[in-house]
Amino acid sequence: MEVEESGETRTSWTVAPGETHSIIYDHAGKKRKQDPAPDPVTRIAEDEGEEEDDEMMSDHMKDSEEPSNKRVKPVAKSNSLTGVITPVKTPALKRIGQSISRSISFRTEARPLPPVPLRARSKASSFPRRRNSQCWSDTVESHDLTAKEIKRQEVIYELTQGERQLIEDLSLVKKVYYEPMLKLNIMTESELGQIFGTLDSLIPLHEDLLERLQRLRGSEKTVGEVGPTLMNWFPCLESYVTYCCNQVGAKALLDQKKHEKRVEHFLRLCQESSFSRKLDLWNFLDLPRSRLVKYPLLLKEIQKCTPPEHPDEDSLPDALELIQSIIAEVNKKTGEAECQFYRRGLAYLEDSQRITEIQESRFLCCHGELKNNKGQRLHVFLFELAFVLSRPGEDKDGGQVFNVYRQPLPNALLNLEEIPDGEAGGGSTFRGAFSGGNDKVKNCFRVNSRGRSKAYSYSLQANDSFSKQQWITCLRQAIVQSRDRNAHSRPSQHSPQTDPALYHIAELSLSSDTEMADHTCR
């Protein structure tokens, strides 16, 4: 059994049979008598090559029709049987896995175990490497701080360690993914540039913050004032706008390239390696965004643990406001980039589908998979001003496109109807389409539109109740916001033909008239 790797030489142990006399054959074929062993013997193999030599030696003995002396399990204490029963040869790969069951069988035979049990670990382990979970308290020998100040130091230390781990991960992505794929021509330099974006420029950015935080630590390894340092550094995060805006197209290209055998094979080998911690490439590429949204949480924790009249009392709220404004700007720009990306991916079958509300939409509220009343899977987009059904497809280059299905609907003209779960199917076409033979409907709703030359109605089903509720919430918000936008923009056009009654044509029928009125007032 092998010891878990910890930077030292790996070892393995086997327990030889005790209280028996067995006949052992040496290489010359001569017999010698083994001395009785009252206690289990622990055998240490300093490297993996010794086990391979053991297997080769065992094969040589088998060819000579001589019994093996390796891992012979005693049958009884009788001397008359030990030289007769031939031990079964165990292949090298099975020996490691069977060592656990052997140690369990020793318990049933009332044999003593080694004083220090060793943990089993396979030779080619693919388990994720664990992060160092060291706390600030583990780095100091003694202190006379209050519990609140200790908590403050712990959060600041977590902030520092998070920067160090992010730098390690981003450097790993560059060394293990980008450079080998470029050198082996697994992807072109242009494709890698689209997928990795400006990731390389983020490493020195966070190295700068890490260096600043380390300089704040005093002789007692405590940090006094951290607010001004963060205030001065946070403006550097505006470079995240470029990186996060590129992620939408990067994810689509990466998913497309994964269908190529060489790319899939390379990424799978990397993910199965211990350095990846079971994370795939996209998990690593998404780490900067995850880190960005964590800064406000850390600052709020530091602020809670900061006592009154501390130098950080005034600077921390300003730093928190600054980072929240930066994140809001990043989210806004990323939403615009996402909306533009999916607008370009729409393939229209008819010119009438090109409604102006799609092109005027600045962001994408939500999108995902829904089923229609025929059981067909559709990819549905809820833009700022339009509701679009589509069918995923591929272009001539293998890229993903979304073929517009049926007529897109302006959000301001939508009606939304929710069908409660468990309602009887009855004779309704909509309810019967999703009953699935159980005469019950689940996770369904209907979207329809009136006010134009033709009325449209789409019956849709979500994958689960959570997804349904998300769609209901987003649709309600989009309908109200679109109606309010139209109400404010129509009077400014000075059009005498405008009918004010059309402002409120999109009415909600989700729960009750009272609830609908509340949302209308908002």
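Guide: We can begin with glutamate 309, which is found in the loop between α12 and α13 (312–344). Please keep in mind throughout that this is a predicted model.

Visitor: Why is glutamate 309 called exposed?

Guide: The relative accessibility of glutamate 309 is 76%, and exposed means over 50%, so glutamate 309 counts as exposed.

Visitor: What makes lysine 278 partly exposed?

Guide: Its relative accessible area is 41%, and partly exposed covers what lies between under 20% for buried and over 50% for exposed, so lysine 278 is partly exposed.

Visitor: How do you know that lysine 257 forms a salt bridge with glutamate 260?

Guide: The closest N and O atoms of lysine 257 and glutamate 260 are 2.7 Å apart, and a salt bridge requires a side-chain nitrogen of Lys or Arg within 4 Å of a carboxyl oxygen of Asp or Glu, so the pair is called a salt bridge.

Visitor: Are lysine 257 and glutamate 260 buried, partly exposed or exposed?

Guide: Lysine 257 has 6% relative accessibility and therefore counts as buried, the limit being under 20%, whereas glutamate 260, with a relative accessible area of 35%, is partly exposed.

Visitor: What makes arginine 268 and glutamate 264 a salt bridge, and where do they lie?

Guide: Their closest N and O atoms are 3.2 Å apart, which is to be set against the limit of within 4 Å. Both residues lie in helix α9 (residues 261–272), four residues apart, about one turn of the helix. Arginine 268 is partly exposed, with a relative accessible area of 34%, and glutamate 264 is partly exposed with a relative accessible area of 34%.

Visitor: How do you know that lysine 304 and glutamate 301 meet in a salt bridge?

Guide: The N to O distance between their side chains is 3.7 Å, and the definition asks for within 4 Å, so this pair also carries the name salt bridge. Lysine 304 and glutamate 301 both lie in helix α12 (residues 295–304), three residues apart, about one turn of the helix. Lysine 304 counts as exposed at 58% relative accessibility, while glutamate 301 counts as partly exposed at 28%.

Visitor: How many salt bridges does the structure hold, and which residues are linked in a network?

Guide: The structure holds 20 salt bridges, and Glu149, Arg152 and Asp312 are linked in a network of them.

Visitor: Why is the patch formed by Lys374, Arg391, Arg406 and Lys454 called positive?

Guide: Lys and Arg count as positive, so the surface patch formed by Lys374, Arg391, Arg406 and Lys454 is a positive one. Lysine 374 lies in the loop between β4 (364–372) and β5 (377–383), and at 57% relative accessibility it counts as exposed.

Visitor: What can be said of the protein chain as a whole?

Guide: The protein chain has 17 helices and eleven strands, and buried residues make up 38% of its 522 residues. It exposes about 29900 Å², of which carbon and sulfur atoms supply 50%.

Note on methods: Residues numbered from 1 in each chain as written. Predicted model: local features only at pLDDT ≥ 70, side-chain atom pairs only at ≥ 80, totals over all residues. Heavy atoms only, no water. Patch = residues over 30% accessible without salt bridge, like charges linked within 9 Å, V, L, I, M, F, W, Y side chains within 5 Å. Areas by Shrake-Rupley, 256 points an atom, 1.4 Å probe, with all protein chains shown as cover. Charge placed at Lys NZ, Arg CZ, Asp CG, Glu CD. Helix = DSSP H or I, 4+ residues; strand = E, 2+ residues; numbered from the N terminus. Buried < 20%, exposed > 50% of the residue type's maximum accessible area, 1.4 Å probe, protein only.
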